Amino acid sequence: MTNTRNNYCVILAGGKGRRLWPSSRDRFPKQFIDFFGVGRTQLQQTFDRFAKFIDKENIYVNTSCEYLEYVREQLPEVAADHIMAEPIHRNTAPSVAWAVHRIMMTNPNANLIITPSDQNIFNDTAFQSNVLEGLQFVEQHDALLTMGISPTRPEPGYGYIQKGERSEQGDIYKVKAFTEKPDREFAQMFMESKEWYWNTGLFLANARYLRQCLYSFLPYVLRSIESTKVITTIEEEDAFMKENFPRYPNISLDYGVLEKSDNVYVMKCNFGWADFGTWHGIYEATSRGEGDNVVIDSDVILEDCSNNIIKLPKDRLAVINGLEGYIVAEEDNVLFICKKEDSSALVRRYVNEVQMKKGDAYV
C-alpha cells in the first residue's frame, strides 16, 4: 500500500510561455496570468488540483529567479525552501534534477509527479485516481511512468507516445516509441491506430530511480552537486546552484532521459486533458460560441466570423467582420493577427523575428 506521505509534486513554472505570445510575455508569462478571467492563474489552478490529494507540504515549485516574486505572491502556502529559483533559463532536465536533490535531502523514499503549470484537466476525480495509481506503480517499480491520453483529433502540436507490451498492473504499458510534433498526416495515422497517446508532459518516478537515471544519461547535472562536497542545507544547495546551474545543458527531460531509457511506461488515462500552452490547443479545448469562435475574457462584436480565437485587454472593444480561422490577440504594445491552423511554429518564428528586429520590449 502506498504511503501517501511519500507522495510529492513538482510544478515546473519557469518557462517564458512564448507559444502564447503576445498575451504571454517574457516579463509576465502565461503561468502567472488569469488567462480566462476565472480568478485563479494557471499556476494557482495547478497547485489547487494537486493539493486536493497531495499534502501541501509536499508540493514544490521550480521557477526562474525573475519570476520568484510572482510565485511567492500567488502561492503563499508554499514555503520558501519549497521554491527553487533558477539563475538562468534551462530546459526541464536540470530543473527536475534540482528538484530531485532538494526533495531527497528530506525524504529519500519520495515518489514524485512532475507537472507543467499550463494544462487543463477536465475530470478532477479521474485525474486523482490516475495519479495515485501511478504513484503506487513507481513506488513498487524502478521505472519512469508517463501519462498518456487517447487522441481525439490529429493534433500536430503535441508529442505522442506509442504503447508496447502491457504491464501486470492496470492500463500501464511499456513505451515503444516517442514522436514529437508529427505532421498532420502522421498525427491522423497515430489517432486511427489506437497505439499512440498524447504525451501530457506529466511523469512519475520514485526519487531514487529518477536520480539514477539522471546520473546515467546526464551525469554532470547531478553528479557535480555531490562530487564537490556534501551539501546538507538548503542554503548550501542554493549557493551551489547559483554558481553551477548555468553550466548545465539546456535539454528537456523527455529528450535527455525518457527517450534514452529502456524502462519507461505509459499509463492510459481518462481524465481529459488539454495543453493550454498554445493558441491552437486552447481553441480546440475551449467551449465555442456562435460561429465556432472562442472569445477569451474579451469584449467583442463579431459579424460573419467563424473559427477564430480572440484575446484582448480589458479596456478594448473589437468589432470584427468576415474573419475566419485566425488568432487575434493584443497585449500591451503588440497586436497579433495570424492564421490559427498549426500556429505554434509560426508564433515562435515571429517572436524570434520581433526580438531581433524590434528588441526585448515587444517580447
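I301, L317 and V319 together make a nonpolar surface patch of about 310 Å². Patches here are built from residues with over 30% relative accessible area and no salt bridge, with nonpolar side chains (Val, Leu, Ile, Met, Phe, Trp, Tyr) joined within 5 Å and like charges within 9 Å; a salt bridge is a side-chain nitrogen of Lys or Arg within 4 Å of a carboxyl oxygen of Asp or Glu. Areas come from the Shrake-Rupley method with a 1.4 Å probe, and for residues only the protein chains shown count as cover. The model is a predicted one, where local features need pLDDT of at least 70 and side-chain atom pairs pLDDT 80 or more, while totals for chains, interfaces and linings use all residues. Numbering runs from 1 along each chain as its sequence is written, and side-chain values use heavy atoms, leaving out hydrogens and water.

I301 sits in strand β13 (residues 299–303); strands (E, at least two residues) and helices (H or I, at least four) are DSSP runs numbered from the N terminus. I301 is partly exposed at 47% relative accessible area, between the cut-offs for buried (under 20%) and exposed (over 50%).

Now to helix α4 (residues 124–140). Its buried residues are A126, F127, N130, V131, G134, L135, F137 and V138. They cover an arc of only 165 degrees around the axis, so they lie on the same side of α4; the arc is taken from the directions from the helix axis to the C-beta atoms. N123 caps the N-terminal end of α4, with a side-chain oxygen 3.2 Å from the backbone nitrogen of T125.

S24, in the loop between β1 (7–12) and α1 (42–51), is buried at 1% relative accessible area. Its side chain reaches the backbone oxygen of G17 at 2.9 Å.

Notes. Buried < 20%, exposed > 50% of the residue type's maximum accessible area, 1.4 Å probe, protein only. Polar contact = N/O pair within 3.5 Å; in protein donor to acceptor, adjacent residues only side chain to side chain.
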